[in-house]
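Let's take a walk through this protein together. Have the model open as you read, and find each residue when it comes up.

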Amino acid sequence: KNEDTSITSTNLATTANSLLSKSTKKVETIGDIDTYIKLSDDNTTVNGKGVKVEKNIITINTAGTYSISGTLSDGQIIVNTNKEEKTYILLDGVDVTCKNSSPLQILSSEKTVIALGDNSENKISDGKSYDESENNPDAAIFSKEDLVFIGTGSLEVNGNYDKGIVSKDDLIIENGNISVKSVADGIKGKDSVVIRGGKITVDAGGDGIQSYNDKEDDKGYISLEGGTIKITAGQDGIQAETNLLISDGNIDITTGGGSKNSSDKEGWGNWGAKPPGKPEESTTSTSENSTSAKAIKAGSIIELDGGKITIDSSDDSIHSNDRLIINSGDMEMSSGDDGIHADSELEINGGTINITKSYEGIESVKLTINDGDIHVVASDDGLNAAGGNDTSQSAGVFGGDKFSASNGTITINGGYIVIDVAGDGVDSNGSITMTNGTVIVNGPENSGNGALDYDTTFDISGGVFVAAGNNGMVQAPSTSSLQASINVSLPSSSSNSMVSILDASGNTILSFTPSKTYQSVVISTPELVIGSNYSVYYGGSNSGSESDGLYTDGSASGGTELINFTLSSSVMTVSSSGATEGVSGGMKGGGRPQR
């Protein structure tokens, strides 16, 4: 059944290869009406054939095309047709309530296509309790078969007993103005959920949109390809058991009451500092009974290829239990836990990412950034490469490393990255490599963390790296780097004060004004050449254009000269006391022991 809608996953490549192919199922249309059904509590009428009316239960037992209108205050519409034929239903002004079961049930059909009539308003509601049934319905609209929604009309679904819309097979929404309010999950397709258009609003006590087949590798996926989707969920916003693709659409998700709440059950509502010594609690399960409150979550691969995504989540904003790739899109997220997390690999090839609030900003064992405009605000680490599953909520109150030493890697080949943190700015429990791009870190004001933190090596061969923080835990790139670095150490902490580097001719190489109180600025740029003379000033101004505190053009003037020195090594610390090779206060050109 899934040959037309299947999403095929491939191995994650080092370049922006597509992981998931967009679903290609042919769009359904509704043809001439065979039978008209006019619902009424007193006398439901049928003009045509294929329908059985027994009191308030209307059963469609023959495949065909049906138009339904009218009201049932306590009744059901049941589809029970040939499994080898499609059934088409036009909802054209329907209001159906069933007090003790699912009001609209599809028990048998190759596929049921529900068309929402032009300018029609339709409503399906269930009661707060169900009578036992061999069909085990658990949703206001419940289908054992493929279910497709088309048309431009509106549909209001009230799942007062459990879920809103459920398909035990594939669920596709082509169009329509669909509003779902449910005490548990909102929209569920066991094998898949595909949304191509329309306006979808979900208010769910459980998950917003979910696909949950965990028995077959090519099922349990979600593909969002267009439309406007607004989700308010008590638990996960969008959860795919396997793969999740977002290629287009305007998506707005709020989970767990938003980022003002923490995903830590014991500290719900206490975002930021975590109680020390709390036992680890896994929140990575993608099972149907998951209690996590992540905004976008998948068990295997997430690929983001476009669209506008706005997130306010108490738990991770975007989370993959395996791999995640971001190729494009406009993303703004505020998280009570991690902003973007992948257990294994995370690759960013483009897009605009603005994480305005998070515990840890962007995290994975293997983190690669090739391009993109990225801004991160985090109460702990900004970029973090560490081993193991996501356990942010068990971190210590001082924002220390959550994981033991690992082979974590951060690779930056391009992009524009701005980080504002209370913990470590760029933190790898392994190595860091940078070949191009721009990285700006406004690091911790405390001495227990560093704007830069790595365990093995940080090799930089290109790009601009600027990291401001406290002097207590300073690191710079490794001495093996092809591009030189300097650590500027000020006599005392400074706030809103510019640091500038000038060459021997007085040309300004770079000026930077950190946004926070700082005492150290680590700077690496291709214009630093070993053997050349430079002057460092603090204070003053720059005549050029500024971006996130960084000036790479214009001329610096005024201020106090800190030092005039010769760059004699690939890594040097400069202060009012002189220039020394390596990093004062840290470990010369290398990692420091893990805390």
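This is a predicted model: local features need pLDDT of at least 70, side-chain atom pairs count only at pLDDT 80 or more; totals for chains, interfaces and linings use all residues.

Residues are numbered from 1 along each chain as its sequence is written, and side-chain values use heavy atoms, with hydrogens and water left out.

First, the overall picture. The protein has 52 strands and zero helices; here helices (H or I, at least four residues) and strands (E, at least two) are DSSP runs, numbered from the N terminus. Of the 595 residues, 60% are buried, meaning under 20% relative accessible area with a 1.4 Å probe, counting protein chains only (exposed is over 50%, partly exposed is in between). The accessible surface comes to about 21,100 Å², and 44% of that belongs to carbon and sulfur atoms; these areas come from the Shrake-Rupley method with a 1.4 Å probe. Now take contacts (heavy atoms within 4.5 Å): among those between residues at least 6 apart in sequence, 56% join residues at least 24 apart.

Next, the rings. Rings of Phe, Tyr and Trp (its six-membered ring) pair if their centres lie within 6.5 Å; planes under 30 degrees apart count as stacked, over 60 as edge-to-face and the rest as tilted. That rule gives four aromatic pairs. One of them joins Tyr 454 and Phe 458 edge-to-face, 6.0 Å centre to centre with 80° between the planes. Phe 458 also pairs edge-to-face with Phe 465, at 5.4 Å and 75°.

Elsewhere, the charged end of Lys 188 sits over the ring of Tyr 212, 4.2 Å from its centre. That label needs NZ of Lys or CZ of Arg within 6 Å of the ring centre and within 35 degrees of the ring normal.

Finally, look at β3 (residues 51-54) and β4 (residues 57-60), antiparallel strands joined by four bridges; strands pair if DSSP finds at least two bridges between them. Lys 52 stands opposite Thr 59 in β4. Two residues lie between the strands of this hairpin, where Lys 55 takes a positive phi near 55°.
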